[in-house]
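Thanks for making time this morning. I would like to walk through one model with you, a few elements at a time, so please have a look at it before I go on.

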Amino acid sequence: MQKILNVALAKRSYPIAIGENILTEFEHFKLQAGQRVLVATNETIAPLYLQTVINMLEKHGVKTDSVVVPDGEQYKTMETWNTILTALLANNHTRSSTLIALGGGVIGDVVGFAASAYQRGIKFIQVPTTLLSQVDSSVGGKTAINHLLGKNMIGAFYQPQAVVIDLNCLKTLPQRELSAGLAEVIKYGIILDAEFFNWLEQHIEDLLNLDSNALSYCIYRCCELKAKVVAADETEQDMRAILNLGHTYGHAIEAELGYGSWLHGEAVSVGMLMAAQTAKSLGKLTQSDLDRIKNLLIRAKLPVSRPTQMPVESYLPHMLRDKKVLSGQLRLVVPTKIGHVDVIDGIDKSIVLNSIVNT
């Protein structure tokens, strides 16, 4: 069964289509015959879905070019961004062209950023193929590339014209990538929806087994929750920061170990536990709720211990480069109970370090 969800952003509003076998359904792409498109994807996804998308578009009179870039977080770089821009230029694309991001979170972020910059902004469409990108990174218009000194530090807020989520793409997803996506799923329950967290406790194995009904409900609910936050705070001036639960710690792990060593969702999993430990140390979270969070992450086959090869003292320099830092003071998102978080300024660094040690 197909579901359509609208992200309400006035003139920049757009639909999210969720269903099985919808990569071949032209109406979800919001294109017209005669338009020009560049499909950008990676070396893993290209053999699986690129020709399907090209055939569908050309069948409906859309002139289509494509570009294939390397796969992996380590390629979320200025070089990959430039490769996509070069493909647009080499194929004489104009301001009326549309970019399609076919792939996971890395492709979505880099392609979206390229769309924001090419001729000062062209339309783009998100076609996320991983669970993480389907529930999180494809929705909300955050686009970026990484820098050696920080993750997602160079980018733009730039909304797509449509998001097309085909559940069947998850059938080719490795188990590790599926679990990484579940970290972001669990995050939504922790920050916004205790009932959804309860549902996840009952259905986490169904999601791991790719039960279509469970996946459809889960992805829709995650997109619905994120869409509400984005509609209220599109450019992360206030409320949207709560979506970064675990990310300040997690980004430190990714940057220190090298992008791609740990998957983003794996780093976020451990980061959420570090944030939960911080909240417990501050007297804001019960041991019972911390245990529920940890147990659900374990059942989702996610890591719950910090990487042993990373010195504790190496976290803070990375964390102090986080986009939420104000006047040199850490701002951390911490859970206060299942379904609610606070953003706290000026937490004593000894509490932060102790939370890392205890994870």
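Predicted model: local features only at pLDDT ≥ 70, side-chain atom pairs only at ≥ 80, totals over all residues.

Let me begin with helix 3, which is mostly covered, with 12 of its 13 residues buried, where buried means under 20% relative accessible area, exposed means over 50% and partly exposed lies in between, computed with a 1.4 Å probe on protein chains only. Helices here are DSSP runs of H or I with at least four residues, strands are runs of E with at least two, and both are numbered from the N terminus. Residues are numbered from 1 along each chain as its sequence is written, and side-chain values use heavy atoms, with hydrogens and water left out.

Helix 3 covers residues 105-117 and reaches 18 Å from its first C-alpha to its last, close to the 18 Å expected at 1.5 Å a residue, the expected span being 1.5 Å times one less than the number of residues. Among its buried residues are Gly105, Val110 and Phe113. Serine 116 also lies in this helix, and because its relative accessibility is 15%, serine 116 counts as buried. Beyond its neighbours within four places in sequence, serine 116 is in contact with Gly121, Ala156 and Tyr158, contact meaning heavy atoms within 4.5 Å. Just after helix 3, glutamine 119 takes a positive phi of about 50 degrees.

Which residues of helix 9 meet helix 12? They are Met274, Gln277, Thr278 and Ser281, and on the side of helix 12 they meet Ile351, Ser355 and Ile356.

Turning to the strands, leucine 38 lies in strand 3, residues 36-42, and with 0% relative accessibility leucine 38 counts as buried. Setting aside neighbours within four places in sequence, leucine 38 has contacts that include Asp65, Ile84, His93 and Ile100.

Finally, strand 10, residues 331-337, is mostly covered, since 5 of its 7 residues are buried.
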